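Morning, everyone. I have one structure to walk through today.

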Amino acid sequence: MVNRHSDQVANVVAMLPADGHVHSQFSWDAPHGDMHATCARAMALGLPALAFTEHLDLTPWTLRAHPVPPGCRGRADARGRYLGEALDVAAHLERLLRCQQAFPGLVIWSGLEISEPHWHPREVAEVVAAVSPQRVIASVHALADVHLGAADGGYVEVGDGFDQRPAVEVVRAYLAEVTAMCTSRAPFDVLGHIDYPLRYWPKGAGPVPWEELADDFRAALEAAAAAERVLEVNTRVPLPPRVLSWWHQAGGQAVVFGSDAHRPLELGRGLVEAAAMVSAHGFVPGQRPFEPWRRGPGRGGAR
Ligand SMILES: [Zn+2]
Ligand SMILES: [Zn+2]
């Protein structure tokens, strides 16, 4: 029994993919982030590799119903538009180097999670050149503020969009922007959290109407696949398996994983379950921890 249990544990540890989406204290919205403690946690978990993908946010949000959580570092301008504090590139890279020296058994990558990179090409190019990130995630976090209009420079955080539009329309607008981002020439490999609005899906809106949203998800996934982007399975909330089936059907070639941890204890959450689901949909691990899982010869799993 003991041996069988050890084998099972060994198999689970062997299944752990790299955590390719982690924030530390250098992200403006991670007041409890701690790069060194996160690396120590990775060693304790047996995680082979992790990437610190700090926020590069350049789109200011109008703060409407929901204030920014306490401890976040940012400021509002005279028009009430909030922007998180800029990444301190030099300090981030210096701490990253120290962690790489302190944890030689751990693969630690530099990275960025860039919000709406296709809206800010010049600034993005500058920061990417300064950081030389090994993992670049692109994410949509902003939607046009219905009251102000994007043409007026008005955006809200996606979660606040649910106060402005019917729930289905929030997800549709979000996925349309994801499609535009994937189709653009923005310099990124990984599409972050395609299911992001579902984190904020209002209870009062009932269950998510997947039939109504299927075409929008498929369009975004097809755009990502056509541009050879890699789909991230973000484990902050479990990704509905049907999205992976659609990714496979869209011709998506590769998948990576990320916990989106904003504090050390969140590192690696849900990765074992996510890896099992991705495996069941016909994607197989690479030889090294940071290699994306690529589609194998089999079918894409149940729909
Ligand atoms: Zn994000
Ligand atoms: Zn993130």
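**Helix α4 and the zinc site**

Start with the packing of helix α4. Its buried residues pack against three elements: β2 (49-56), α3 (89-102) and β6 (107-115). A word of caution here: this is a predicted model.

Which residues of α4 are buried? The helix runs over residues 121-131, and the buried ones are Val124, Val127 and Val131. Look down the axis of α4. The buried residues fall within an arc of 70°, so they line one face of the helix. Now turn to the other side of α4. There, Pro121, Arg122 and Ala129 are exposed. After α4 comes serine 132. Serine 132 has a positive phi, near 50°.

Next, the metal. Which protein residues are donors to the zinc ion, ligand 1? They are Glu113 through OE, His141 through NE2 and His193 through NE2. These donors lie 2.1 Å from the zinc ion. Along the chain, their spacing reads E-x27-H-x51-H.

Where do the two histidines sit? Histidine 141 is in the loop between β7 (135-139) and β8 (142-144), and histidine 193 is in the loop between β10 (190-191) and α6 (210-226), so the pair ties together parts that are 52 residues apart in sequence. Buried or exposed, these two? Histidine 141 and histidine 193 are both buried.

The zinc ions, ligand 1 and ligand 2, are 3.6 Å apart. Glutamate 113 coordinates both of them.

How values were computed
Residues numbered from 1 in each chain as written. Chains lettered and ligands numbered in written order. Predicted model: local features only at pLDDT ≥ 70, side-chain atom pairs only at ≥ 80, totals over all residues. Heavy atoms only, no water. Donors = N, O, S within 2.8 Å, 3.2 Å for Na, K, Ca; no water. Helix = DSSP H or I, 4+ residues; strand = E, 2+ residues; numbered from the N terminus. Buried < 20%, exposed > 50% of the residue type's maximum accessible area, 1.4 Å probe, protein only. Arc of directions from axis to C-beta. Contact = heavy atoms within 4.5 Å.
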